[in-house]
Amino acid sequence: MNLDSKWVPMKWPCGPLEIARRNKSQSINADLKEMLEAWGQPSALELLKGTPINCLIVDWANGKPEDSAQQQALKPLLDAGRQLGISFVGKVALKEGPGAAVAAGRAAGLSAVMLADASGQSFDLPAILQLEREKVSGETASTIFSTKENAWPGLNLDTMNGDTAMAGPTASPWVNSNGWFSLLAGKLAPGKTLWLDFDPPDSSNLLHPANYGLAIADSRAYGSRWIISLDDGLRAGLTKGNSQAKGVWGKLCKAVAFFQSHSEWEAFEPQGILAVVSDFRGDNAYLGEEVLNLLNRKQVQFQIIERSKSLQARSQDLKAILWLDKEAPSAEQHSQLLDFVRQGGLVIAAAYWGPPEVKPTPKDPSLQYMMYNVGEGQMAVSEGEFQSPDQVAVDTHLLVSRRNDLVRLYNPESTNCHSSIDPGHKKRLVQVLNYSLKPADSVTLWVNAQIGSARLWRLETKDALTLRGVAAAPGSDFGLPPLSIYCALEFEGSNL
Amino acid sequence: MMKTACSRRKFIAAMGATAGAWLARPAMPLARAVPASRVAVGTCHEYGPEVVGVLGNMFDQLGGLEGLVRGKTVAIKLNMTGLANTRLGYLPPGITYWVHPQVVGATVHLLAKAGARRIRLLESPWVTAEPLEEFMLHANWEPRDFLNAAARVEFENTNYLGNGKKYSRFWVPGGGLMFKGYDLNHSYEDCDVFVSLAKLKEHMTAGVTLSMKNCFGITPCTIYGDGAPEDEPGLVPLGGRGPFHAMNRLPPKSAPPAVNANVFLSNAPKNPGGYCVPRVVADLVAARPVHLAIIDGIHTMTGGEGPWTGSRYVQPGLLIAGTNCVATDAVGVALMGFNPMADRGTPPFETCDSTLRLAEQLGVGTRDLNQIEVVGTPIAKARFNFRSV
């Protein structure tokens, strides 16, 4: 059996291991224990009937005395799940070698195991590796891999004042999103599937459920999958058949089904006239990651180039390259960068590597950069080292110029967007996400192409609506209907 | 489809079509002596080719621009309040709460045709020192349209030091109402002619925002903003002009002093914005005189100065221009359905002092319609009552 990139994963905490864990953290009560036991019963799988969720993550071995009881207790669940076409991934968290636990999993019918460290071992079952973000690479990542350290998407709860979002120094509400990381992981581990592992905030409960639809959309829009994880209150409500819980669950499933029905979008490539180059490792990790995060927040559409890669294969649409790392380019990259500049491109860097005879000229006084005209293009060199990621993101947007924006949002509030294009460049997709719990009203999406209409897709409806564009030279404006969580505009044409 | 921004091609085409026709007319007598309080009112219903012609006729009615601008550097303070990505509903700012780019382009074009040597477009966009062209692009304006509308057009963000070596100091004749003087970006000094190109709007704090209140935005937030340091100007603007609204802090010590520092901080009056903002505006137009006031009321909004005030899109179809900002604003106020002689407690100055009265008090001009010659469309015929729509 192989890992299946089409799996739609969900955490399924239940059984003796989870009860023991809750006991240890003193977070258990009779109701919770009853719920955890109920979710271990085959009948609990009724919940998944008619939904796209087809892969459950269960605790399998933690090196605790309850391991054996857990594996025994889950057997009926696994048997029943297989009848329903559900795959099970057993999470193995052992300090010692996991071989025995994996073997037991294979015998019990697990489809895969989830491990923090395979350490070069081979198992009879495929392994989904749990990686730290900074260790994601093509070599370390399994066909499906997962990361922790992810954020619950939405307005940053630390910057909320009651229901009001407080603006940060950027004058925009602070938003948590994993979008930038999904894009980065997609580039660092190409062709592999990222499962984002994060749980609802502690504040989530049946009365005030977390924004599950956003957790799904923030992952899918950027090419990853969230391992669905419900809060205890919701799971307890579902166990008892609570109508409110069923409503939350129904919306969640509808959101998953929406993205399943648009799986062709997974092949779309991120659009961007700016390439961000870094190794995103070690000392370069913080700056590189935050710049990606903040560029995304500013709706600057970008591509990512891992620093060790040749720049030769860069997109022909690129207008600018941001070289973030202190390390100078290799001789080959140096030559490629200068070719890019000579042909009219812009390179932004913290050091000058161009022809020594070129004398710099100052840029606008608001920008602390010196400009070197080389051939048809320019190098913009920061007057000091890159330090503040926000400043780098702001400056980069201005140096590249908003003239080159691919998309803009008007009345954006807490919305953001991601633009991608199909490999044949015949369809373009702009996905718009609302990170606030309040619907976003009167949002206008501007795209840099003259397009008369778009197909508007929403989580709430099965069919697309036709949305008319308004000419807004050199592009088009699309007024979006009130946006609760997500919508996507699909454009077709030869001028995308 | 409705056009939401003027494309370069359409803008230039519009220039060619009507500017050409207007300019081909027999030359008007230029710079003839006219009363300082003459104000021209033109009707214009769309931001199309007709804007150039209507504005041109209005400038003729004022006596022509040539005597004012020939061979001169002209600075134009635009009205681009708030953020570039904020809209009233789905409507772009140019047709609701900013001066429309077509009016900007037409003005630039007409100033150049009248002989202006250099034209500088100025604004202090909220919370940013970014190049003004980038701010325009963010709103989907095309700065190249303005560059193409005259031979020498420049842009400057005046919210900080900008291209200057130091701030320019403007003292208020007579000592001022709030501050004895103001430190401003060099562009307000490095010009021979100063134009205020405003929008016809109400204002939440000042009652109305016309050509005078537009000048509130000439104050750099590096000095007069929320995040200005205590001693010297900041390098970049942080925050808006909150201190003028809240009277909760004084500018850095390097700036000209307050007339009466005791009215700030804990002694600030109730509703400090309604007290301070009109006085600062009156000070500014006294210290930095406006030579030409132009108000875009073709399309606009009621209820306030921007979408954040909860407002409605309207189409009064008006352009107003005059060489005295108090008189021009007085006509504007009258066209909005208010009494320009009104003061605190009476619409539109329910919660603030009248900037018109304060500026009149400083000797800047008259707000008395009996002393203002209105040319073009009569007020009675053009009035668009902002509170009745």
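Trainee: Where is the place of A:Thr415 in chain A?

Mentor: A:Thr415 sits in strand E22, residues 415-421 of chain A, where strands (E, at least two residues) and helices (H or I, at least four) are DSSP runs numbered from the N terminus. This is a predicted model, in which local features need pLDDT of at least 70 and side-chain atom pairs count only at pLDDT 80 or more, while totals for chains, interfaces and linings use all residues. Residues are numbered from 1 along each chain as its sequence is written, chains are lettered from A in the order in which they are written, and side-chain values use heavy atoms, with hydrogens and water left out.

Trainee: Is A:Thr415 buried or exposed?

Mentor: A:Thr415 counts as buried, because its relative accessibility is 0%; buried means under 20% relative accessible area, exposed over 50%, and partly exposed in between (1.4 Å probe, protein chains only).

Trainee: Which backbone oxygen lies 2.5 Å from a polar atom of its side chain?

Mentor: That is the backbone oxygen of A:Pro412. Leaving out residues up to four places away in sequence, A:Thr415 also touches several others, among them A:Arg297, A:Val432 and A:Leu483, with contact meaning heavy atoms within 4.5 Å.

Trainee: Switching topic, how many residues does each chain bring to the contact?

Mentor: Chain A and chain B each bring 26 residues. The area buried between them is about 2300 Å², and carbon and sulfur atoms give 50% of that; buried area is the accessible area (1.4 Å probe) that two parts lose on being put together, summed over both.

Trainee: And how many salt bridges are there across the interface?

Mentor: The rule finds 3 between chain B and chain A, a salt bridge being a side-chain nitrogen of Lys or Arg within 4 Å of a carboxyl oxygen of Asp or Glu. One of them joins the side chains of A:Asp477 and B:Arg87, at 3.0 Å from N to O.

Trainee: What about H4 of chain B, how many of its residues are buried?

Mentor: In H4(B), 11 of the 13 residues are buried, so this helix is largely enclosed by the rest of the structure. The buried ones include B:Pro101, B:Gly105 and B:His109. Just after H4(B), B:Gly115 takes a positive phi of about 105 degrees.

Methods. A polar contact is a pair of N or O atoms within 3.5 Å; within protein, one must be able to donate a hydrogen and the other to accept it, and residues adjacent in sequence count only if both atoms are side-chain atoms.
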